Amino acid sequence: HIEVAFNLDDGVEFFGGTVDVKYVSVLFVGDDAIDTDQGYQGRIQYAFVMLGQGSNHGAEMDGPNTSGSNIAKRSFPQLYNALFVGDLDNDPNSVSSDDQLPAVLRLREGTGGEFGNLVVVNIGSQGIFQDRCQDESRATGSSPPATGSPDYLWISENTLFSGTSGVNVFETGTCGQVYTTDYGISASDNDFLILLPTSSDENIPFLDPRPTPGGIAFDSVDTVPSDGFFDSVSFKGAFGSDLWLEGLSLLDDTARVPRSLDPSFIASADITSDTTWTNDQPILLTQQVKVLDGVTLTIEPGTTIYGYGRTYGAPGEGLGVSPALVVEQNAMINAAGTASAPITFTSAVSDQNLPAEGLWGGLIILGNAPVFGGTTTIEGLTTGGTYGGNDEDDNSGVLQYVRVWYGGSVIGADNEINGIT
């Protein structure tokens, strides 16, 4: 468990050797996040990398500058289960780099290696770029060659790529065009991750980089080497259900990721039919969720709902909506807690960041009772939010032993969400 954040030069660089690493996080460094060189032949599992606008590459992996299939120390990193997050506006300009060609992963100078269960997102130019191939063999498919290490390079065909622009793998120069530009599995957005905007940078307010349960990050998972080091996994990327950044990362210290909550139940879409939130699992409120007209939401006593922080919206649109639960007109909420089992709405951030104000939205209930001016729109929402009418006997449900903590996210000047509205 190691992390490097906001370093001017590389994050973690391996000069030769066989160092093995599990759980490495590198955030917003000026040069390359993970750099391997001079015959490094170690193993890496669970790597999380985020690039900033001025970062160089998520990885730069070099082999020797000499040719020959029998060179003594060709670099041969074995990298499994990594998540690389690019920056759509990335402009590599590190003062300490000799390579400023844009790419999330940069392979150079005849490196070998194995790359499996990788996820590369927010690609602005190239996901993986190589132009300095030598005489290493280059392998495709869903498993590496059975023999021939360290003189081959294998990138799994199951690698998951996502970006609003750019290509998955780009080869030029002396490379043999083994990997096509649409190699791997392409996704149009990041909905296979719990919360990771398609635009991100060093100022990202909030994220949860774990895979969405049941999503494509759990499909076509590569088999890791059976050598006693690698853990057998059921997912691609750096995370399964365990958000191992908690207690380790700057992102946790600054309340930009949630605590490592069970992600089995994610509330991220409008509720369109009668639904019950049960108390046997946490409810992760990652978006603004509306209970629609004619629908009843029941919340069992003892249930805890964890509100996520407001984060970036679509590229170029600034911040998105603040997660909140909105009960629309003619919908119902039955939240009947008890003194011994209250219902709690709280922030998802770790306890070290609490208490604090404005960490998520709140609870909004919109009815049809008369209000001054007839009907109007509630503050704190970007769409919808109509309330008011002529029904003095309107009934939107029950709140009993309900607690709302650490909310009130500010949308703009004089526009915020109350605890309970």
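This is a predicted model: local features need pLDDT of at least 70, side-chain atom pairs count only at pLDDT 80 or more; totals for chains, interfaces and linings use all residues.

Colleague: Which residues lie nearest the centre of the second largest pocket?

Modeller: That pocket holds about 190 Å³ of space. Its lining splits into four nonpolar, seven polar and four charged residues. Of the 15 lining residues, the ones nearest the centre are Asp87, Asp89, Ser199, Ser200 and Asp201.

Colleague: And which strand gives the largest share of the lining of the largest pocket?

Modeller: The largest pocket has a volume of about 330 Å³, and 18 residues line it. Asn190, Asp191, Leu193, Ile194 and Gln287 sit nearest its centre. By class, the lining has eight nonpolar, eight polar and two charged residues. Three lining residues come from the strand with the largest share, β16 (residues 193–195).

Colleague: What is the handedness of the disulfide between Cys133 and Cys175?

Modeller: The sulfurs of Cys133 and Cys175 are 1.9 Å apart, within the 2.5 Å cut-off for a disulfide. The torsion about their S-S bond is about 90°, so the disulfide is right-handed.

Colleague: How many residues apart are Cys133 and Cys175, and are they buried or exposed?

Modeller: Cys133 is in the loop between β10 (126–130) and β11 (137–139), while Cys175 is in the loop between β14 (167–171) and β15 (185–187). So the link joins distant parts of the chain, 42 residues apart. With the cut-off for buried at under 20% relative accessible area, both cysteines are buried.

Key. Residues are numbered from 1 along each chain as its sequence is written. Side-chain values use heavy atoms; hydrogens and water are left out. Helices (H or I, at least four residues) and strands (E, at least two) are DSSP runs, numbered from the N terminus. Buried means under 20% relative accessible area, exposed over 50%, partly exposed in between (1.4 Å probe, protein chains only). On a 1 Å grid over the protein atoms alone, a cavity is a set of points where a 1.4 Å probe fits but cannot get out, and a pocket is an open set with protein on both sides within 12 Å along at least five of seven lines; lining residues have an atom within 4 Å of a point. Grid points are joined across faces, edges and corners, and a volume is the space filled by probe spheres set on the points. Ala, Val, Leu, Ile, Met, Phe, Trp, Tyr, Cys and Pro count as nonpolar, Asp, Glu, Lys and Arg as charged, and the others, Gly among them, as polar.
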